[in-house]
Amino acid sequence: RFASAIPQTIIFFVVTVLSAVYVCADYDKITAFFHAHIQGKALVFCQKVRAATGKTLVKVLRSYAVLFLLTFAELLLGFVILREPYAFLLALLTALVDSLPIFGTGAILLPMALYRFFTGDIRTAVGLCILYAVVTIVRQIAEPKILGAGVGIHPLLMLISLYAGFKLFGILGMIFLPIGVIVAKNILFSFQKGVSNGAS
C-alpha cells in the first residue's frame with residue numbers, strides 16, 4: 001500500500017503545483033471573470049467566504065507548525081536520552097518526514113530500530129520503538145485538539161473529519177477533508193451572517 005500510494009501522491013503534487021502556477025499567472029483574468037458573472041450580494045458573499053477561508057488556512061498552517069515543533073521536541077528528547085549521535089539533525093529530519101502526507105515518524109524510527117536490533121543493540125532498538133509509540137500516540141491525541149482550536153472547530157468534529165478522510169481517501173484525505181469541513185463552515189457562517197444582516 002505504501003509503494004502503490006507514492007505515484008498517486010507524486011501526480012497529485014505535480015497537478016497541485018501546476019494548478020497553483022496557472023492560477024497565479026492568470027489571477028487577474030480569473031478574478032475579472034468572476035466579477036463579470038457574479039454581482040451584488042452574491043459577489044459580497046463570495047468575497048467574505050474567500051477572506052474567511054484564507055484566514056482559516058493560515059491558522060491551519062500555524063497549527064501544523066505547532067504539531068511539527070511538538071514532534072521535533074519529542075524526538076529530540078528521545079534521541080538525547082538514547083544518546084543518538086547528531087540528535088538535533090536526526091530529530092529535525094524525522095519531524096520533516098513526519099510532515100509529509102504518506103510518510104511518518106515510522107519511516108525513520110522503525111528502520112533504525114530494525115538496524116539496531118540486528119546489530120545487537122537491543123536496548124536502543126526497544127527505545128526507538130517506545131519513542132515511535134509515544135510520538136504516534138501524542139500526535140493522535142494532540143492533532144484534533146490543536147487543529148480544532150486553531151480553526152475554531154470542535155476537536156470531536158475535527159477528529160471525525162480526520163478519520164473519515166483517512167477511511168475514504170487515504171492519507172491525503174486526512175489533509176483535505178478537514179480543509180473541506182473548514183470551508184463549509186465558513187460558507188455556512190457567512191450565509192447565516194448575511195441572512196441575519198438582511199433580516200435586521
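Predicted model: local features only at pLDDT ≥ 70, side-chain atom pairs only at ≥ 80, totals over all residues.

User: OK, so is Glu84 buried or exposed?
Analyst: Glu84 is buried, because its relative accessible area is 8%, and the cut-off is under 20%.

User: Where does Glu84 sit?
Analyst: In the loop between helix 3 and helix 4.

User: And what is Glu84 in contact with, sequence neighbours aside?
Analyst: Leaving out neighbours within four places in sequence, Glu84 is in contact with Phe79, Leu90, Met112, Arg116, Thr124 and Leu128.

User: Now the largest nonpolar core. How many residues does it have?
Analyst: It has 17 residues. Those with the most contacts inside it are Leu75, Phe79, Leu109, Met112, Leu128 and Leu131.

User: Which elements give two or more residues to this core?
Analyst: Helix 3 (40–81), helix 4 (87–99), helix 5 (106–118) and helix 6 (122–151). The largest share, five residues, comes from helix 4.

User: Switching topic: where is Gln140, and how does its accessibility count?
Analyst: Gln140 is in helix 6. At 47% relative accessibility, Gln140 counts as partly exposed.

User: What separates the C-alpha atoms of Gln140 and Leu159?
Analyst: 9.0 Å, with the two residues 19 apart along the chain.

Conventions:
Residues numbered from 1 in each chain as written. Heavy atoms only, no water. Core = buried A, V, L, I, M, F, W, Y, C linked by side-chain atoms within 4.5 Å. Buried < 20%, exposed > 50% of the residue type's maximum accessible area, 1.4 Å probe, protein only. Helix = DSSP H or I, 4+ residues; strand = E, 2+ residues; numbered from the N terminus. Contact = heavy atoms within 4.5 Å.
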